[in-house]
Structures are given as structure tokens and as C-alpha cells.
Amino acid sequence: MAEFLQFASGFVSAMVVLGMVRIVRGPTRADRMMAAQLLGTGGIAALLLRSDITGTPSVIDVALVLALLAAFASVAFVVKGAREASGEPEASE
Amino acid sequence: MTSDIILDCILAALVLAVGCWVIVVRDSFAAAVGFVAYGLLLTLVWVRLDAIDVALMEGAIGSGLTGALLLRASSRLGAKEQSAAAEQPGVMLRAVAALFSVIVAAMLATAVLYLPDPAPTLAPEAAANASATGMANPVTNVLMAFRAMDTMLEKVVLLVALAGVWSLARDRFWGARPGPRFRSDPKDPLALLAQTLPPLGIVVGIYMLWEGANAPGGAFQGGTIIAAMWLLAVIAGLTDAPPVSNRRVRLALIAGPLLFLIVGFGGLWLGEAFLAYPVAYAKPLLLVIEFAMTLTVAVTLGLLIVGPPDREGAP
Amino acid sequence: MISVADIFTVIAVSAGAFFFMAGSVGLLRFPDTLTRLHALTKADNLGLGLVVLGLMPRAGGLLPALKLASVWLLVLFTGAAVSQLIARAARDGDQDDE
């Protein structure tokens with residue numbers, strides 16, 4: 001069972017690596033944001049599997065924190081990216 | 001187990017590759033996205049190295065909050081980004097910089113490769129004395145009890161950094177609210193997210209603080225999560241950043257290090273040493289300090305990301 | 001001695017990994033930003049859900065299993081909202097960076 005979960009964890013990580021190609025290639029900002037999102041979700045899956053393999057429940061906490069912060073980072077991306085694209089000036093300067 | 005080694009090599013190579021790409025890419029937005037991805041990968045590395053507390057910090061600060069900070073810097077660059085990227089130092093300067101980088105890297109590699117085996121460490125002593133504070137998490141023990149001085153000074157450094165950020169404001173903006181005013185649209189999924197997530201996030205943050213006593217976690221991780229939730233509400237336009245001259249904000253900022261100082265001098269006055277906790281009261285005292293620290297960290301990090309005051313109109 | 005729970009875990013986690021693969025392949029191969037977004041959010045969240053489902057029998061109690069499920073629900077909810085935001089950013093026409 002442990003070997004199978006190891007393999008599954010590695011497989012999920014490999015899929016995430018594939019998704020990273022999209023960060024590099026783009027071409028639009030939305031594509032890069034999506035790939036970061038994939039990295040977050042895939043990372044959470046890999047961490048949950050790892051928590052079971054090593055028997056450390058605290059790794060689930062890391063996955064929880066990642067879920068929250070990945071959502072926050074995605075929101076920051078979208079808001080900044082969209083503001084620039086629509087040419088909306090920031091209320092500063 | 002060779003599959004472990006293969007995975008580790010792939011992870012390490014990926015971290016290097018993404019790091020190089022982030023530096024090389026032209027567009028600063030793409031670099032910010034790449035940096036967040038880099039942070040996520042590093043989180044996986046830390047988990048692989050069994051450093052769960054560090055993994056929590058990396059995921060929270062290194063990936064999420066620093067990514068938002070970089071994005072803010074990128075958007076402030078705005079139109080000047082093209083001209084800034086076009087400036088390039090001369091070949092001579094770049095060659096000298098490359099030479100110094102190689103020398104430093106070689107020194108680091110030598111230091112790591114020639115570490116004495118077993119490496120000198122105080123970790124067994126720290127683990128053995130866990131009963132001094134009644135907490136099971138050795139990292140928290142080191143941070144809050146054995147090296148409490150460092151932690152207290154860290155918080156002061158954070159305050160100094162915030163003062164530095166505020167000093168970037170123009171004179172006429174001093175004391176005003178920082179950052180732009182974000183519009184809020186109630187039909188927006190962003191508004192939904194910003195209304196539902198923060199209560200959850202605050203619970204998770206307090207949970208992290210509480211868990212830190214006996215499992216990976218702690219005040220810094222909890223405070224970071226709460227700061228991220230507050231920033232989410234600000235970005236969605238549901239709440240506004242307070243003016244930097246607000247008294248309650250400033251009180252929250254100094255609460256953590258101040259409490260630390262009070263306890264520290266209390267230890268001195270009770271005859272032991274600075275920051276010596278009386279053994280009977282160690283755990284409740286530490287919890288009170290951690291609570292104040294969480295508040296301070298949350299407010300400080302939130303204000304650091306939001307930036308210097310730059311809005312018209314007196315507070 | 002292979003138990004029913006173990007077989008369930010193997011099947012669920014394998015299905016989850018398969019959906020992750022589908023999501024990543026979709027992200028790489030679909031022709032358009034919006035189709036890629038569609039592939040990504042659906043497949044990934046389903047993949048994570050299946051992995052969580054597979055891990056729940058091994059969680060060791062009701063509370064840890066609920067914790068796993070809550071992680072998945074959180075990702076589901078935030079993923080739904082964020083994908084809407086990304087789709088809007090894509091539609092509002094962000095420029096090519098290259």
C-alpha cells in the first residue's frame with residue numbers, strides 16, 4: 001500500500017510538472033494563473049498522499065494552509081492582471 | 001529506496017529550473033506567477049525534508065504573501081517597466097558580478113560538502129528539555145523559550161520594515177490610508193469569496209496558533225493566514241485599509257514586542273534573567289505572548305503588503 | 001491480506017491520479033484559454049476529491065476523515081470562485097506577453 005501511494009504521489013507530482021510548462025509558455029496571463037492554480041491543487045493532493053505515507057497528520061495542515069493561500073494568491077493575480085489589462089489607473093500618484 | 005531519490009532529484013531540478021526562469025523572464029507579471037509556483041515547490045521540498053513548521057511558513061509567506069507583494073510592485077512599475085528592463089549594466093560590471101557570484105556559490109558548496117559528520121547541533125538538548133515549557137513542539141520551544149530574544153527582536157525588525165515602507169510616502173500623504181480604494185461589486189464571485197473565506201481563514205489561523213504548542217504551527221503561521229484573509233477583504237473592496245495614523249492600529253502593531261518586553265523585564269525583576277519564565281507560569285505566559293504576537297504579525301504583514309499611504313484626503 | 005478498504009483506496013486514488021493526468025493534458029493540449037480553464041478546474045477538483053475519498057478509510061477516525069474532506073471542500077469552493085475570476089480576466093482581453 002505504501003509503495004502504491006508513493007507511486008501515486010509521484011505520478012500526481014509529474015502531472016503538476018507538466019502543468020508548469022503552461023506557466024512558461026503562456027501565452028496569456030490567464031494561462032499562467034491557471035497553471036499556478038494547478039500547481040496548488042496538485043501540490044495539495046501530493047501532500048495529502050504524503051501525509052498518509054509518512055503517517056504525519058500535520059502535513060494535512062500544510063495542505064490546508066496551501067489551499068487558503070493559493071486562493072489568496074490567485075485573487076491577487078486576477079485583480080492585478082485585470083486592472084492592468086483594462087487600463088484602469090490605480091488611485092495613487 | 002530509489003523512487004524516493006528519483007523524486008527528490010526531479011523536485012530539485014524543477015526548483016532550479018523555475019528559479020532560473022523567474023529571473024530570466026521579461027514580463028514582471030509572469031515572474032510573479034513563477035515566483036508563487038517556486039514557493040509552492042519549496043513547500044513540497046520542506047515537507048520532504050520533514051521540516052513542517054518551515055513548510056507552513058513557506059506556503060504562507062514565501063509563496064502567497066510575497067507573491068502578492070511582488071505583484072503590487074509590478075503593477076506600480078506599470079508603464080516604466082519597459083524602459084527599466086531596457087537598461088542594462090555594461091559587460092565589465094556583469095562579468096565582475098558573475099565572478100563574485102561564482103566565488104560565493106563555491107564557498108557555500110565547500111562549506112556544505114565538508115560539514116563535519118555528525119554536524120555540531122544543539123537539537124538533542126533542545127528536544128530533551130521540552131518539559132521546561134510543557135509544550136511538545138521543539139520548534140516552538142526554541143522560538144519562544146530558549147531563543148525568545150531572537151523572536152522578540154524579529155518582531156521589532158518587522159516593525160522597522162513597516163516604518164521603512166511608510167517612509168516611502170510623500171509628505172502630503174503622511175497619515176493617510178494606504179493603497180488604492182478597491183471597488184466592490186456584490187454580484188462578483190470575488191465578493192462571495194471575500195465574504196465566505198475570511199471567517200474560515202481566521203478559524204484556521206487561530207487553530208494554527210493553538211496547534212503550535214504541540215504540533216507544527218505557531219504564532220507566525222497563524223498571523224500570516226489572518227493577514228492574508230484581511231488582504232482578501234481589502235482587495236474585494238469589502239473593507240478599507242485604515243489610515244496609518246490610527247491609534248488602535250499602532251497599538252496592535254506594538255502589542256507583540258511590547259508584551260514580550262514586559263515579560264522579559266518581569267523575568268529580570270523576579271530575579272532570574274531577562275526573558276526567564278517562572279516555570280509554573282511558563283505555558284500560560286507563552287500563550288498570552290503568542291496571542292499578542294499573532295495579532296502583531298497579522299497587522300504588520302497586512303500593512304506591509306498594502307504599502308505606503310498614498311491617498312488624497314486627510315484621515 | 002488485502003482488505004476491502006485497501007482495494008477501495010487503490011481504486012479511488014488511481015482514478016484521482018487519472019483525472020489529474022486528464023487535467024494536465026488538457027491544460028497543455030487544448031487550443032484555447034477558456035477550454036483549458038474548463039479542463040483544469042473540473043478535472044483537478046474531481047481528481048482531488050477522488051484522492052481524498054481514497055484516503056479517508058485510512059485517516060484513522062471520524063475527525064481526521066472530516067478534516068480531509070474539509071480540505072477538499074475548501075479547494076472546491078475557492079477553485080470555483082477563482083476560475084470564474086480567471087475566466088473574466090481572460091475574456092476582458094489580457095494581452096499576449098510574448
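Predicted model: local features only at pLDDT ≥ 70, side-chain atom pairs only at ≥ 80, totals over all residues.
Buried residues make up 46% of the 315 residues in chain B.

If you draw a box along the principal axes, the C-alpha atoms of chain B fill roughly 60 × 55 × 40 Å. For the contacts inside chain B, take pairs of residues at least 6 apart in sequence: 78% of these contacts join residues at least 24 apart.

The accessible area is about 16,600 Å², and carbon and sulfur atoms account for 72% of that. As for charge, chain B carries 19 positive and 21 negative side chains, with 14 Å between the centres of the two sets.

One is helix α10, which covers residues 219-235 of chain B. This helix has 17 residues, and the distance from its first C-alpha to its last is 24 Å, close to the 24 Å expected at 1.5 Å a residue. How many residues of α10(B) are buried? The count is 15 of the 17, so α10(B) is largely enclosed by the rest of the structure. After α10(B) comes B:Gly237, which has a positive phi, near 80 degrees.

The other place is B:Val54, in helix α3 of chain B, residues 52-77. B:Val54 has a relative accessible area of 35%. Buried means under 20% and exposed means over 50%, so a value in between is called partly exposed, and that is the class of B:Val54.

Next, chain C. Here there are 3 helices and 0 strands, and the order along the sequence is α-α-α. Chain C has 98 residues, of which 44% count as buried. Its C-alpha trace spans about 55 × 25 × 15 Å along the principal axes. The radius of gyration of chain C is 17 Å, whereas a compact globule of 98 residues would have one near 13 Å.

Chain C exposes about 4,900 Å², with 70% of it supplied by carbon and sulfur atoms. There are 7 positive and 8 negative side chains in chain C, and the centres of these sets lie 9 Å apart.

Last, one residue of chain A. A:Gln37 sits in helix α2 of chain A, which runs over residues 29-54. Is A:Gln37 buried or exposed? Its relative accessibility is 14%, so A:Gln37 counts as buried. Which residues does A:Gln37 touch, leaving out those up to four places away in sequence? They are A:Ser74 in chain A, and C:Leu40, C:Gly79 and C:Val82 in chain C.

That is where I will stop.

Notes
Residues numbered from 1 in each chain as written. Chains lettered and ligands numbered in written order. Heavy atoms only, no water. Helix = DSSP H or I, 4+ residues; strand = E, 2+ residues; numbered from the N terminus. Rg over C-alpha atoms; globule rule 2.2 N^0.38 Å. Buried < 20%, exposed > 50% of the residue type's maximum accessible area, 1.4 Å probe, protein only. Areas by Shrake-Rupley, 256 points an atom, 1.4 Å probe, with all protein chains shown as cover. Lys, Arg positive; Asp, Glu negative; His and termini not counted. Charge placed at Lys NZ, Arg CZ, Asp CG, Glu CD. Expected span 1.5 Å × (residues − 1). Contact = heavy atoms within 4.5 Å.
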